[in-house]
Amino acid sequence: MAAPRAPLHLVMPVWNRGTRGIRGLSRAVALEGSQKKGRSLLQFLADRFYDVQALREYLLQKQVLKVHQKNRPFTYIKERFGPHAAGAYFILKQGGAVKFQGKEWIRSDAHGHFSLDFLKFQAVPVEAVDASGCAINYQGLDSLLALKELQSLWLQRCPHVDDWCLGRLHPLANSLQELSLAGCPRISERGLASLHHLRNLRRLDISDLPAVSNPGLTRILVEEMLPSCQVLGADWAQGLPSGPEEQSQDRASPIPA
Amino acid sequence: MLRRALQLGLGRGLLGRGLLGRGLGTHRGGSTLDQNGKVSEIKKKIQSVLPGGAWNPPYDTSYLPPEHSDVVIVGGGVIGLSVAYWLKRLEKPRGAIRVLVVERDHTYSQASTALSVGGIRQQFSVPENIQLSLFSVEFLRNINEYLAVVDDPPLDIQFNPSGYLLLASEKGAAVMESNVKVQRQEGAKVCLMSPEQLRNKFPWINTEGVALASYGMEYEGWFDPWCLLQGLRRKVQSMGVLFCHGEVTRFVSSSSHTETTSGEEVTLKRIHEVHVKIDRSLEYQPVECALVINAAGAWSGQIAELAGVGKGPPGTLQGTKLPVERRKRYVYLWHCPQGPGLETPFIVDASGAYFRREGLGNNYLGGCSPTEEEEPDPGNLEVDHDFFQDKVWPPLAQRVPAFETLKVRSAWAGYYDYNTFDQNGVVGPHPLVVNMYFATGFSGHGLQQAPAVGRAVAEMVLDGHFQTINLSPFHFSRFYLGEKVQEHNII
């Protein structure tokens, strides 16, 4: 008969509950054998929920700081060698490539090293920048916007370039002729709307933008917005229902066409 | 009636998440337990009544607010949540302050935030407004750093960086130029355009009657206010702020009489308790508090009256009411197939009518502020479609000829927390009701200033003075002293 003994059993756990709080409550539930080891690790982590949360927030902050560090401005180089050299140094440090006017492309090698010869070029403007895959963000664009005679800018597959960055490109309107944004995960049609400042743009690549909601329609609207620019990118028929199959289905239906 | 909310449930953040509260709550369904379970239930109840144990009320009180709270924020819109966020973010040490947000309508069906058009601009004439807007837009740009919650998806506020285009006639051109000068000094990127430049850039505008235009190049545009609201709500809940679904019906305060240096008698009031009435019930909970923040938006005037602001002979500081009232504004959504394209900024005409692009399908949102004589009755949120025909469509069709053929798709109405004195916000404590702080009266630009205003109020509460942006021109006493902080262009 469990009833007479029940009060004795119950007094102890209740007392424990009062003194040990949550842990007492959870241990009062009987844990079955096989998953005990896994359960106790999970239990350990669950007991220290806020510590785990703080650790995760710290790791996230570290990642964010890493991107910020990559996008810091190089003010010393800017003052000593000029804005073009500073912009080139910034891009090369990120792992991109730079082309000065009248010179060859300068690229950093697999280990991230590059020659510093370009620092000797006095006031030779940077003509083209290939920043594909670089971790350039809104802050980092400061270095690029100082390149007043930039003609060609490639920002393919940059993970941190978003609509806010596109809103910032208008100082390059006089010289920029080619812009490539293919594969950037954060760019949407809202950022593309701010490209109309770039009146001299002749080639624009907006293919493979996953965040754009309607690629075909966006391409048509961008073409209308920039009449003298050739827009590469989504096929305008993308997203439209395919023609012939639809018509044959209509004929089969009883409603007269 | 001795009623305390779950005492353990008031612990710092831990049970703000309801861990233990839920755990104990599950033991309430007594009928399904066996004999052992029933006995343990009775045992627990006896233990809780006897001294020495935790007090667990025998019925569910999780819908009631706590009995004590350091700060009570009246109003859970974007301003109230922003104040809660910054209070929790700037407090030292962590978890020092208990904040309660009281919101009457959790669906936000009449809240100005949810019904807002969502524009943000720096083209103001008062420097403080420009600074507030600049900080807010930087907050929005870094929103995923500020409002990140572990394991939740990042926020996408859908910002359109298309800028604002303000048009001025001959009369307003000089004012616009001086405004742009102030804006540039504060760091906003605005350019002035002549009618010819305007025609080159936007060929679909009819520049007749336009003498000057100012165009914001960066950091201006529009975004999704609902996303900001939900993001703030989620973050603020994760920081341990308590929410209550109820209405503030009474303030219990005490007065003390003192003399000023010139010998006048002054009555200072201090609010001790806030009575929060639960929705659809007569039940109320008196919440003892140290501070009350009035962020009730369009209903701030009523909350201030409850606190005794304005009860006195007119012309004195005691008799100065909070001049914030509800004003109804209409927003119309129309479709115009030949309308302006993707590059359309948020255009504000010299006549006061405005519109912006909405989406990719040639849809546009717009409206107009009515004059004082035509103010609609703010009793309900019914839309007057004749207002569009008479007051909104003609100036827009004159400005953009393509709008002569359009079809209105839908419309809605929302409230402005309209400051009848000078159409700018009221921020800071009341001089006589010493522990009531205002964060209201923004007259249509509250959403775009919300993050910065929240930070300013939190600084005022925690440090006693403004640290980053000085909002002392927005103090309540200007209503008594008659010093207007007039903005030269509001929508």
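## Chain B and its contact with chain A

In this predicted model, 4 residue pairs are in polar contact between chain B and chain A, both residues of each pair being at pLDDT 80 or more. Helix 2 (35-49) and helix 4 (127-141) of chain B each supply at least two residues of the side that touches chain A. Helix 2 of chain B gives the largest share of that side, 6 residues.

The count of salt bridges between the two chains is 2. One of them joins A:Arg190 and B:Asp156, with 3.8 Å between the closest N and O atoms.

The contact takes in 33 residues of chain B and 37 residues of chain A. About 3,300 Å² is buried between the chains, 66% of it on carbon and sulfur atoms. On the chain B side, B:Arg141, B:Leu342 and B:Leu360 lose the most area to chain A; together they make up 21% of what that side buries.

The domain assignment divides chain B as follows.

| Domain of chain B | Residues |
|---|---|
| Domain 1 | 68-110 + 228-323 + 421-481 |
| Domain 2 | 164-216 |
| Domain 3 | 330-416 |

The centres of domain 1 and domain 2 of chain B, taken over C-alpha atoms, lie 37 Å apart. An unreviewed UniProt entry lists residues 70-460 of chain B as "domain: FAD dependent oxidoreductase". Over those residues the chain is 27% helix and 31% strand. The end C-alpha atoms are 15 Å apart.

B:Asp349 sits in the loop between strand 12 (346-348) and strand 13 (353-358) of chain B. Is B:Asp349 buried or exposed? B:Asp349 counts as buried because its relative accessibility is 6%, under the 20% cut-off. Its side chain makes a polar contact of 2.8 Å with that of B:Ser351. Beyond neighbours within four places in sequence, B:Asp349 contacts B:Leu167, B:Pro395 and B:Arg399.

Key: Residues numbered from 1 in each chain as written. Chains lettered and ligands numbered in written order. Predicted model: local features only at pLDDT ≥ 70, side-chain atom pairs only at ≥ 80, totals over all residues. Heavy atoms only, no water. Helix = DSSP H or I, 4+ residues; strand = E, 2+ residues; numbered from the N terminus. Buried < 20%, exposed > 50% of the residue type's maximum accessible area, 1.4 Å probe, protein only. Polar contact = N/O pair within 3.5 Å; in protein donor to acceptor, adjacent residues only side chain to side chain. Contact = heavy atoms within 4.5 Å. UniProt positions renumbered as here; feature names shortened; annotations may be inferred. Domains from an automatic or database assignment. Buried area = accessible area lost by both parts, 1.4 Å probe. Salt bridge = Lys/Arg side-chain N within 4 Å of Asp/Glu carboxyl O.
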